Amino acid sequence: ILAAAPFLLGCGGKEAEENTIVLGWLGDQTGVSAGAFKEVMWGMEDYLADSEAIPGLKIQLKVYDTRLDYGRIPVGYEWLVNQGMDVCMVYAVGMVRGITGQFADDKVPALSFTVDPQTRETDWRCLADSPASIASVQTP
């Protein structure tokens, strides 16, 4: 959540008096990797419930279950946009390839936890990887 803070502070899609940012999470909740994805989601929910991550700002988490089916990503992304998503969080590399162009079109910044050299250089996508994982996929 703290890694998304720069995006959250810069989101202009809502009126200032609302003081709420909708954080959309595209992740597997019932598929083969649900255990790992749920742990991350539960951690976000606990963090948001126990603290004020950014003073004076409420962060609302909306979750779309991808079932680890990449064909569900565009539908889930559109659902989250229709729910008022201000920032999109995705986990797996394959998830963003089909929707990378939509981030700019919809003015929705995306935070990803995995490295993807094909889509990492965009104005609307940020990686939250460690320097070691980024270096592991860089080409000479």
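Two strands count as paired if DSSP finds at least two bridges between them. In this predicted model, strand S1 (residues 20–27) and strand S2 (residues 58–65) pair in the parallel sense over eight bridges.

- Leu26 has Val90 as its bridge partner in S3.

**Burial of S1**

- S1 is mostly covered, with eight of its eight residues buried.
- In a regular strand, side chains alternate between the two faces of the sheet.
- In S1, Thr20, Val22, Gly24 and Leu26 point one way, while Ile21, Leu23, Trp25 and Gly27 point the other way, and all are buried.
- Val22, a residue of S1, counts as buried because its relative accessibility is 2%, and the cut-off for buried is under 20%.
- Val22 and Val81 are 59 residues apart in sequence, and their C-alpha atoms are 9.5 Å apart in space.

- Asp28 lies in the loop between S1 and helix H2 (34–50).
- Asp28 is buried yet has no salt bridge.
- The nearest side chain of opposite charge to Asp28 is that of Arg67, at 7.6 Å, whereas a salt bridge requires a side-chain nitrogen of Lys or Arg within 4 Å of a carboxyl oxygen of Asp or Glu.
- The side chain of Asp28 does approach backbone nitrogens: a polar atom of this side chain lies 3.4 Å from the backbone nitrogen of Val32, and the side chain reaches the backbone nitrogen of Ala34 at 3.2 Å.
- Leaving aside residues up to four places away in sequence, Asp28 touches Ser33, Ala34, Phe37, Lys38, Asp65, Thr66, Arg67 and Leu68.

**Confidence of the prediction**

- The protein has an average pLDDT of 76, and 68% of the residues score at least 70.
- Over residues 6–17, pLDDT stays under 50.
- For residues 6–17, the model has 20 contacts beyond four places in sequence.

Technical notes. Residues are numbered from 1 along each chain as its sequence is written. This is a predicted model: local features need pLDDT of at least 70, side-chain atom pairs count only at pLDDT 80 or more; totals for chains, interfaces and linings use all residues. Side-chain values use heavy atoms; hydrogens and water are left out. Helices (H or I, at least four residues) and strands (E, at least two) are DSSP runs, numbered from the N terminus. Buried means under 20% relative accessible area, exposed over 50%, partly exposed in between (1.4 Å probe, protein chains only). Lys and Arg count as positive and Asp and Glu as negative; His and the chain ends are not counted. A polar contact is a pair of N or O atoms within 3.5 Å; within protein, one must be able to donate a hydrogen and the other to accept it, and residues adjacent in sequence count only if both atoms are side-chain atoms. Contact means heavy atoms within 4.5 Å. pLDDT is the predictor's confidence in each residue, from 0 to 100.
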